[in-house]
Amino acid sequence: MVVLSASILAQNGTKPIVSRQFIEMPRLRVEGLLAAFPKLISSSKREHTFVETDTVRYVYQPLENGLYLLLITTKSSNIVQDLGTLRLLAKVVPDVATGLSEKNINENAFELIFSFDEVITTGGYKEDVALSDIRTNLQMDSHEERVHIMLEEKKKEDARKAMEEKANEIKRRQMEALKDNLMGNGSNSMKSPQGMVGIGGGGVTPGYEHNSTGADYMGSSGAMGMYSYNKPKETVPVDEPPAKAARGMKLQIGGADKKKTNLMAAMAMEDNFALIGGNKKADKGGLGLGLGATVAPPAAAPSTPLTLSLEEKYTVAMNREGGIESCELKGTLTLTANTDAGALAAVTVNKAAIASKCSSGWNFATHPKVDKKSYETTGVLSLKGGKDFPLNRPVGVLRWSYSGEDAAPISINCWPEDEGTGSINVNVEFELLRPDMVLYDVNILLPLGTSDPPSIEDIDGQYKHDPNSGMLCWHHDVVDNSHSSGSLEFSIPGSDVDSFFPVQVMFKSDKFLCPIEVTSVKSITNGAPIPNNINRAVAPDNYTIA
């Protein structure tokens, strides 16, 4: 037997309700076959429960309330098997639909289609199943599944209880520590109602507070993707002193007079920054902290025949506890010939020192057009065949990479805790992992998941909050061996501890992990030294904690 379609029709076969096809058929053909069925049964003598056309056979059975159960099969199908399939479906329909009415059929249409699939397979062949088997398959009941669900719920309940006990224990210890501090006479026993200012204080540091017209405090540094932070400005007397801000809240300068506005604009122009909100197009695509609002200065003409750029970029992924998941460093030596004399350059690097210190885990590669043999033997980087470098176009002549956890310069530990009162307490710590490095303009960006300002409890360094982007920037001018760690604690309304991730880290440095040095730059024609300018930069390409 080959069943093409199984259908349930109402109003004496004139209204299709449910139809299931078991072979691929165009919709127009299915609708045409069903539309022809009422005419065929009206013209037949009703002595049989099937009727044939030139191409198909209709096998049907009248049900209650003017319903018809219809099978459309091929003419070569076994009529005896088709009638057996029809009788089985006639038992399945009232059992699944809990009645033989048009309303019941519509309400259980998908269950009926599933039951048809249990009786007839794809391709139109009957399955050897009984009515009890169809009921079991449609219920999809599994004892193993029930046991698994019970075990999972038990694990979740145990984990929830353990979490609540741990949170209560941490909260109890915090309350005891706070009580001891208030009872003691230490330097931290009392704080100014408006917060302490500067290193170790809470509240807003002068020169870094947020305001409605606030000057941009961070900016992009060219293609390196590094960022800078405005220095605190000296206080300039104005006609009206600004209102004092509450502890942990940003200062508002809304309604500032013209003198204040001119002062802020002059400060921004001095550091080559645009005011936040002054040019919204300039910050398009930024983080909302003024990162994209820098005004690029006009490019100065090169002062030397040759420019060399050494850069290293870090790609680091860390977990929330400060552990390093992956760390990769990529470095590039780029040469730009500014004049014809610079195009004839041969750059020599300290190949022997690089080979002795960079062995395991390091990879070095020269540009395909660079004479690799000359570099391997003498450390000279020049084009094959004595060719010139292209003018005014940067060419990466040497690349290196290193993968290892020991390359990461700084670690971040972000620990948000839901206090259960609609507020989250967040503790953030950083630690310098490489004492040989000095990091400048370190900015740790934390998403807050809300535009509400954080209430700063304790801070090393300075911070800035931007309500438009919902970001908090924790800033340090310098992180080195003498200032190798710091902490930030704040609370903020909310309940989702995952909203504080991923944390992003940005910094600048000039300390390379690879001990590469340019020892000489000479002309390939006469060996004369070529004046050059060397730029060195280290920055993160993607430094995230998630």
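Predicted model: local features only at pLDDT ≥ 70, side-chain atom pairs only at ≥ 80, totals over all residues.
**Entry 1: two helices**

I started with helix H2 (residues 79-97) and helix H5 (residues 131-139), whose axes come within 11 Å and cross at roughly 40°. Axes here are lines fitted to C-alpha atoms, for helices over the stretch in contact, and angles run from 0 to 180 degrees between N-to-C directions. Helices (H or I, at least four residues) and strands (E, at least two) are DSSP runs, numbered from the N terminus.

I noted that the contact uses Lys91, Val92, Asp95 and Val96 on H2, and Leu131, Ile134, Arg135 and Leu138 on H5. Contact means heavy atoms within 4.5 Å. Sorted by class, I get five nonpolar, no polar and three charged residues for H2 with H5. For the classes, Ala, Val, Leu, Ile, Met, Phe, Trp, Tyr, Cys and Pro count as nonpolar, Asp, Glu, Lys and Arg as charged, and the others, Gly among them, as polar.

Residues are numbered from 1 along each chain as its sequence is written, and side-chain values use heavy atoms, with hydrogens and water left out.

**Entry 2: His476**

Next I looked up His476, which lies in strand E19 (residues 471-479). Is His476 buried or exposed? His476 is buried, because its relative accessible area is 3%, and buried means under 20% (exposed is over 50%, partly exposed in between, with a 1.4 Å probe and protein chains only).

I found a polar atom of the His476 side chain 3.1 Å from the backbone oxygen of Asp460. Not counting residues up to four places away in sequence, His476 touches Phe430, Asp441, Val442, Asp460, Gly461 and His483.

**Entry 3: Thr307**

Then I moved to Thr307, which I found in strand E8 (residues 306-318). Thr307 has 16% relative accessibility, so it counts as buried too.

Which side chain joins that of Thr307 in a polar contact of 3.0 Å? I wrote down Asn338. A polar contact is a pair of N or O atoms within 3.5 Å; within protein, one must be able to donate a hydrogen and the other to accept it, and residues adjacent in sequence count only if both atoms are side-chain atoms. Beyond four places in sequence, Thr307 is in contact with Thr334, Leu335, Thr336, Asn338, Asn533 and Asn535.

**Entry 4: the whole chain**

Last, I zoomed out and listed 10 helices and 23 strands. Of the 546 residues in the chain, 41% are buried.
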